[in-house]
There are 2 protein chains.
Amino acid sequence: MIVNSSQSLLLKETAEKTSQAARKLGGLSTGDRNQAIEAIATALENASADIIKANEIDCEIAEKEGISRPLYNRLKLGKTKLEATIKGVRDVINLSDPVGHISIHRELDEGLILKRLSCPLGVLGIIFEARPEALIQITSLAIKSGNGVILKGGKEALNSCKTLVKIIREALSKTKVSPDTVQLLTTREEIRNLLELDEYIDLIIPRGSNEFVRFIQQNTNIPVLGHADGICHLYVDKEAELDTAIAVAVDAKTQYPAACNAIETLLIHQDIAREFLPKIAQGLTSHEVQLKGDQLTQTYLDIEAATEEDWKTEYSDLILSIKVVDSLEAAINHINTYGSKHTDAIITEDKNSAEIFMNQVDAAGVYHNCSTRFADGFRYGFGAEVGISTQKMPPRGPVGLEGLVTYKYQVIGNGHIAATYAGENAKPFTHKDV
Amino acid sequence: MIVNSSQSLLLKETAEKTSQAARKLGGLSTGDRNQAIEAIATALENASADIIKANEIDCEIAEKEGISRPLYNRLKLGKTKLEATIKGVRDVINLSDPVGHISIHRELDEGLILKRLSCPLGVLGIIFEARPEALIQITSLAIKSGNGVILKGGKEALNSCKTLVKIIREALSKTKVSPDTVQLLTTREEIRNLLELDEYIDLIIPRGSNEFVRFIQQNTNIPVLGHADGICHLYVDKEAELDTAIAVAVDAKTQYPAACNAIETLLIHQDIAREFLPKIAQGLTSHEVQLKGDQLTQTYLDIEAATEEDWKTEYSDLILSIKVVDSLEAAINHINTYGSKHTDAIITEDKNSAEIFMNQVDAAGVYHNCSTRFADGFRYGFGAEVGISTQKMPPRGPVGLEGLVTYKYQVIGNGHIAATYAGENAKPFTHKDV
């Protein structure tokens, strides 16, 4: 890779500036941050015509270059979508403030007080698709959580993004939040440089294809919030209510097959395979789902063979692989081997089996008798979703605003020193929660 | 680097076995885990003579190879140290269980319940110094938190570690916890291989020199709990009580200079420099602290010059660099530029300045009118400390048992599907906290 070193230097300066602006932002009150968000909403309203015009240019160019219909629809920011997005900005004002929550408040000794409280991460690096309204949503969530943000949108949305950031920065300049809090990158090369700025960027949130997210995860030391794969499973236990199993399987596969929380593999206990397989096959094929099965499944259904590769595949489409397993344990092992630690469900009337499944399946979401499609920040009641993480450490699963903050410890004394609590006449700590 | 591929394959198998054993462990009750820890304590007691003999061999070899006195003292596991360590194992039994804490409990809709609860991480990779009792402490904390553990101790402690792990595994074989939960690596080459096993290892905790921790951080995709540097600052504000400032500075520098929470740099507001510097210099030099100062400091004190390099140095010794700053803001900027995000303190009677300092200094610990030496899991009342983390994302700062767990979401329904809550006649969620 050829690094454009002058560009990389420029980006470093930008990141440093953002980091300094973010530090100031982090010290502002909830009211000041909300006021800045309201200023953005108003400015976007006032400049609607300009925004739509800038977006039309993007759309025109993209059409000439033969953009696909779904991508075009994402790129297009008409009046209705823009209005809904601006309403969304105002909704962020009403979300509870994630900054300043006290999770530990403890007297260590008389007059020596420990507090652990949530605080902004610092600077977020967000790389998103050619979807202009994403820029608006992300920026308002960043300011709400007290973070600076460096944005890079898909190249097809370049005009829209430039216009939006210009309007947002102008709006901020009349508030207590520095315009330097929000920055836009415009070239693909800058992404590489961004990934190296672990000194200034505290979290990268990549949105886009699995391959893209994986690339980001493997090429930076900065923590990454996101998931490369969503290989979710539904296991139908021998004690399953079959009608429930069919309804859930159909929902989890067909309600929105491109979603990361849709299932890719159905595991079925052998004791019910003969009865269940024809029924579920009918349910799924009537929704145009193409089925693939392991050898045992193929003895009951006349379908294509599922190979080793299928167990590792996120189809994101109306395709489902089916495997017959001889035990709950075998189902758990299959999931822990091939799953992506996203969301996996069991259908059973046996509470004990459900408990073992939920304990031993290693995933952000473990479900019992319901669809994996509930794995979503809005459905969980978080008010906003900044992403779904399949890493092991928190934040894990659907991540709301609290994924954009960390915490720090404050200790306040009046001259307390450690020597008092050490050695032969060591004073004991009181360790009383306040 | 030449990778010994057969060894690497073997290690992968070991890691997989540990991972499977850990999964079972994660499902055990608090009582079962505590019973296993008690079994370890008893077994260690019964085998004390063997342990001490094995350790004596290590000590003999190390002496022949000319080990330094401090390292020898760490390596040596006499009767008293072993007894204290076994007592420590039993203390772990009394710590509250970090597994199964419910942090969200919410009705999404009638009969559809969301819970977020803490669960073990999986497998810990712990690389520690030639200090046999560390192995015992770590193992009991791992089992308490439901995690498998792959251990690699300093080579000088090889015999001791082998003997300890043999005893621990034998003890576990009579409990519900599989002996495969605890594994020992014996060669340095295995560390490299371990760092690549992100499929099986969920957290690496390296203990040792700053260089070593930095090497680990830079050579793995597995999350690392630890800190490479502890460059802590004390800022004496113009509104400081000077006696408090002197007492805290002396404590923070001299009470245990090798500790990561000792200060390395003293920042002093220019308005009090003339009065304060001679006093603090006297206080510190009477404790044999060698002082270095920036140009302004040198106009008041006849000491060596502090260079750019000094601001970046963790002396871990009785050396302190001093800088005169012209404002609170300059102090904050210095700390955010040169600090290691560990622990930084302000001495001031001005609450407003203290608040700005604690808000804007980007560190795991921000202190007001007390010594940085309080940054410690035991002093915070965590009962145990698994490390101090200077990364931005949680766990941050001193980390107790809760740093060894993560969380998962459970959703339990009775056939609930997402389609019910989508489209034109979408049913609203209730989102009622239980």
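A polar contact is a pair of N or O atoms within 3.5 Å; within protein, one must be able to donate a hydrogen and the other to accept it, and residues adjacent in sequence count only if both atoms are side-chain atoms. This is a predicted model, in which local features need pLDDT of at least 70 and side-chain atom pairs count only at pLDDT 80 or more, while totals for chains, interfaces and linings use all residues. Residues are numbered from 1 along each chain as its sequence is written, chains are lettered from A, and side-chain values use heavy atoms, with hydrogens and water left out.

**Exercise 1.** Find how many residue pairs are in polar contact across the interface of chain A and chain B, and which strand gives the largest share of chain A's side.

*Solution.* The rule finds 44 such residue pairs, both residues being at pLDDT 80 or more.

**Exercise 2.** Describe how β16(A) is joined to chain B.

*Solution.* Five bridges join β16(A) to strand β13 (residues 365–370) of chain B, and the two run parallel. Within this pairing, H416(A) stands opposite C370(B).

**Exercise 3.** Count the salt bridges across the interface and locate one.

*Solution.* A salt bridge needs a side-chain nitrogen of Lys or Arg within 4 Å of a carboxyl oxygen of Asp or Glu, and the rule finds six across the interface of chain A and chain B. One of them joins the side chains of K24(A) and E329(B), at 3.5 Å from N to O.

Terms used
Helices (H or I, at least four residues) and strands (E, at least two) are DSSP runs, numbered from the N terminus. Two strands pair if DSSP finds at least two bridges between them.
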